[in-house]
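Subject: A structure for you to look at

Hello,

Here is the structure I promised to pass on.

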Amino acid sequence: MSRLRIEHSTVYTYQRPVEFGRHRLVLRPREGHDLQVESMVLRITPAYRLIWSRDIYSNSIAIVDFIEPAARLEVNSVVQVLRTFKFPPEEPFDPIRVPTPVSYETMESQVVSAYQSISYPDDLDDVRSWLREIAPALAATDAEQLLTNMCTAIYQQIKYQRRTVRGVQSPAQTLRLGTGSCRDMATLMMDAARSLGLAARFASGYLDCPAAEAGRAAMHAWVEVYLPVLGWRGFDPTLGEPASLKHIAVGVSHHPRGVMPISGMFNGASGDYVEMIANVKVDVLENVATR
């Protein structure tokens, strides 16, 4: 197991004091059998009131109402988490294989259908055309292997480009440009998986990597696909590999807009906004070998 300290700092600056509307924060890591949140401290300015809630995806959401104007809005989150290795550590004697095409149980069909809906329907023809082009590379009778192959194909064809502007490129834009951020590549893979009838969702969180340990990282994005028996399986097209313990999710949604780390409004002219600076630092506090 390992213990991590994650500090996420975001600062918005303005030309003059402005009033802030309600803000929504998706910053608390998702807990489960593989990760526990041991502590979390939120430092926010200016003065505010805050409540916690769970959204329809069971994400922990902080709802913030500001009670005074300011020329600077700062959100600093410091979280300590405990990650545990998969249990049991041994693979099953007979590995679980999900055949393609994937068939979901009737009992799950209504929930699954929400994650099969294409996020960018106008781009569906482009996505399907791309899938036909890479069909030889996707060849697999096992769904998890097919998705791993798709993840690798995006990694090989799309060049990573960090983008600080808001929003997400559509799948067709990413394919046309041949470049994209982690969220752009995740969106492409999500709609590609959905076009094959798979239930897929967008995941946002932190990546334990050299950039994060050096204190110069940003939020990361990847895809989770639901497979019968196996459940939600993560795939990171930015790295070209399945998600692992180094991926720490804070939120999931059927659409990238659903897990923006900080979202909200301010009352003022567009020229009042100056800039936003965000930074993520991950410190490994302890590594403990377990059997």
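This is a predicted model: local features need pLDDT of at least 70, side-chain atom pairs count only at pLDDT 80 or more; totals for chains, interfaces and linings use all residues.

The chain is built from seven helices and 14 strands. Its radius of gyration is 20 Å, close to the 19 Å that the globule rule gives for 291 residues, so the chain is as compact as a globular protein of that length. Along the principal axes, the C-alpha atoms fill a box of roughly 60 × 50 × 40 Å. Among contacts with a separation of 6 or more, 73% join residues 24 or more positions apart.

On burial and surface, 47% of the 291 residues count as buried. The accessible surface is about 15,200 Å², and carbon and sulfur atoms make up 52% of that. As for charge, there are 30 positive and 32 negative side chains, with the centres of the two sets 4 Å apart.

Now to the inside. The largest nonpolar core holds 38 residues, and Met150, Val225 and Leu227 have the most contacts within it. Two or more residues each come from helices H2 (124-133), H4 (143-157) and H6 (182-195) and from strands E8 (199-207) and E9 (220-227). H6 contributes the most, with eight residues.

Enjoy exploring!

Best wishes

Note on methods: Residues are numbered from 1 along each chain as its sequence is written. Side-chain values use heavy atoms; hydrogens and water are left out. Helices (H or I, at least four residues) and strands (E, at least two) are DSSP runs, numbered from the N terminus. The radius of gyration is taken over C-alpha atoms; the globule rule is 2.2 Å times the number of residues to the power 0.38. Buried means under 20% relative accessible area, exposed over 50%, partly exposed in between (1.4 Å probe, protein chains only). Contact means heavy atoms within 4.5 Å. Accessible areas come from the Shrake-Rupley method with a 1.4 Å probe; for residues, only the protein chains shown count as cover. Lys and Arg count as positive and Asp and Glu as negative; His and the chain ends are not counted. The place of a charge is taken as NZ of Lys, CZ of Arg, CG of Asp or CD of Glu. A nonpolar core is a set of buried Ala, Val, Leu, Ile, Met, Phe, Trp, Tyr and Cys residues joined through side-chain atoms within 4.5 Å.
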